[in-house]
Amino acid sequence: MTNSADVAARAGVSRSTVSQILNGHGHRFRPDMVDRVQSVARELGYRPSIAGRALARGTSDIVITLLPNISLGPRLRELIDRVTDELAQAGRTNLIRLSSGDAQIDEAVLALRPAGLWSVAPLAPTQRARLDEANVAVVDPPREYQEAIDREIGAMQARHLIERGYTAVAIATPEALREQPYATARERGALEECQRAGVTVLPTIRLSLERGSSQQTAEMLRGQSVGIAAYNDDVALAIMSAAIRAGRNVPGDIGVIGVDNTIASGVTEPSLTTIDIDVRFSAHEIVRALLDGPEVFTLDELDTMKSSVSVVDGGSTAR
C-alpha cells in the first residue's frame, strides 16, 4: 500500500514536506513543489490517513452533522448541502449522522475526534457537557431561537390567509411525534396571529398521512369556508386532495398554505401557496461558528433569520 515515503521518493522531497503539503499547509512551499507532490500523490493513489492526522493533532478534519428524527425536507437538505460545501472550502469533511433518543453522542462519534459538531436540533445539557470534555466545537440552535422561527412561520401563514379574506382558520399538522417540536411552535404562531386579527379559529386537523387516510380528512373539511395553515407541503397537498374528495373548491371554499416550497408545490393544480426559507445566512453562520467558535446568540441574527422567510404565492389561496 502506498505511503507518504513513496510519494516523497517519487517527488524528490522529504516525507515531512509531503505531510505538510497534503495536510493543508501548501502555502509554505513553492507552487511548483506543491503541484509536483499533489500530482505524484494522485498518480500513486495516496491519501493522508484521517486517523493519523487525528492522532497527531488531537482532532480530525471531520465535522459531524447530527440530524434528529424528523422529515428531511428540501430546505434542510439545501442547508446541509451549503454547510458541506463551505466546510469543504475550509478543508473540512462533513459527516452526516442520523440520531434518535438519548443515544446521539456515542463512542463512535467521539472516536472520530471531530473538529466540530453541528446539531440541527438543540442538544441536551448532558450531551453538550460530554462534547465539551472532548474539546469538540459545538453548534446547536438555542431552543428559543428555533421556536421563534417556527412561530414566525405559523404567523406568516395565518396573516396570508387572513389577507386573502378567509374569516376562519384551521391548522393542519401530522400526527407523527417526531414532527411535534416544530409543529407545536408553528401552530402557536398561527393561533396568536389569528387572535390578534380576531378571526375564528377552528379545531386543529391532525393527519396520519397514511395511504387511504384522505376519506377521514375529507370528513373534517365539510362545512364552512376556511383557510388552512399546513405544517409543510406534504400536509398541504394531503389537505388539497381531501378537499377535492369532499367536493370543496380550492381556493374558493378552502385555502391552503404549506411550508418548504417543494418541487411538488409548483406542479399541482392549483399550484400550492407555500413558505420559502432562504438558508444561505444560516449555512454561513453555522460554518463560521464551527471554524471560529460559537458566539452568544443575538437578536440581530434572529431578525435576519425571520427576514429570510417569505410567502411564495400559488393558486391554492388566490381568491
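**Ala 230**

I started at Ala 230, which sits in strand β8 (residues 226-230); helices here are DSSP runs of H or I with at least four residues, strands are runs of E with at least two, and both are numbered from the N terminus. This is a predicted model, where local features need pLDDT of at least 70, side-chain atom pairs count only at pLDDT 80 or more, and totals for chains, interfaces and linings use all residues. Residues are numbered from 1 along each chain as its sequence is written, and side-chain values use heavy atoms, with hydrogens and water left out.

Is Ala 230 buried or exposed? Buried, since its relative accessible area is 0%; the cut-offs are under 20% for buried, over 50% for exposed and partly exposed in between, with a 1.4 Å probe and protein chains only. I then listed its contacts (heavy atoms within 4.5 Å). Leaving aside neighbours within four places in sequence, Ala 230 touches Gln 157, Ala 172, Val 235, Ala 236, Ile 257, Gly 258 and Val 259. Gln 157 is 73 residues from Ala 230 along the chain, yet their C-alpha atoms are separated by 8.4 Å.

**Whole chain**

I counted 13 helices and eleven strands in the protein chain. Of its 319 residues, 47% count as buried. Among contacts with a separation of 6 or more, 72% are between residues 24 or more positions apart.

Next I checked pLDDT, the predictor's confidence in each residue from 0 to 100. The chain averages 84, and 88% of the residues score at least 70. Which elements have the lowest and the highest mean pLDDT? Helix α4 (residues 50-57) is lowest at 51, and strand β9 (residues 254-257) is highest at 96.

**Cores**

I looked for nonpolar cores, meaning sets of buried Ala, Val, Leu, Ile, Met, Phe, Trp, Tyr and Cys residues joined through side-chain atoms within 4.5 Å. The largest has 62 residues, and Trp 118, Ile 228 and Ile 239 have the most contacts inside it. Helix α8 (residues 143-163) gives the most to this core, with seven residues. Apart from it I found another core, of 13 residues, including Ala 8, Val 13, Val 34 and Val 40.

I went back to Trp 118 for its partners. Not counting residues up to four places away in sequence, Trp 118 touches Ile 64, Thr 65, Leu 66, Leu 79, Ile 80, Val 83, Val 139, Ile 286 and Leu 290.

Two packed helices are described by the angle between their axes and the distance between the axes. My axes are lines fitted to C-alpha atoms, for helices over the stretch in contact, and angles run from 0 to 180 degrees between N-to-C directions.

The axes of α1 (residues 4-11) and α3 (residues 31-44) come within 9 Å and cross at roughly 125 degrees. So I noted α1 as oblique to α3; under 35 degrees counts as roughly parallel, over 145 as roughly antiparallel, 65 to 115 as roughly perpendicular and the rest as oblique. Asp 6, Val 7, Arg 10 and Ala 11 in α1 meet Arg 36, Val 37, Val 40, Ala 41, Glu 43 and Leu 44 in α3.

How do the axes of α2 (residues 15-22) and α3 cross? They come within 10 Å and cross at roughly 90 degrees. That makes α2 roughly perpendicular to α3. On the α2 side I listed Thr 17, Val 18, Ile 21 and Leu 22, which meet Met 33, Val 34, Val 37, Gln 38 and Ala 41 in α3.

Most residues other than glycine have a negative phi, and most peptide bonds are trans. I looked for exceptions.

The bond from Val 250 to Pro 251 is cis, with omega near 15 degrees. Pro 251 is in the loop between α11 (233-245) and β9. Glu 269 and Pro 270 are also joined by a cis peptide bond, with omega about 0 degrees. Pro 270 is in the loop between β9 and β10 (274-277).

Asp 260 is in the loop between β9 and β10. Its phi is positive, near 120 degrees, and Asp 260 is buried, with a relative accessible area of 14%. Asn 135 has a positive phi too, near 60 degrees. Asn 135 is in the loop between α7 (125-133) and β4 (137-139), and counts as exposed at 64% relative accessibility.
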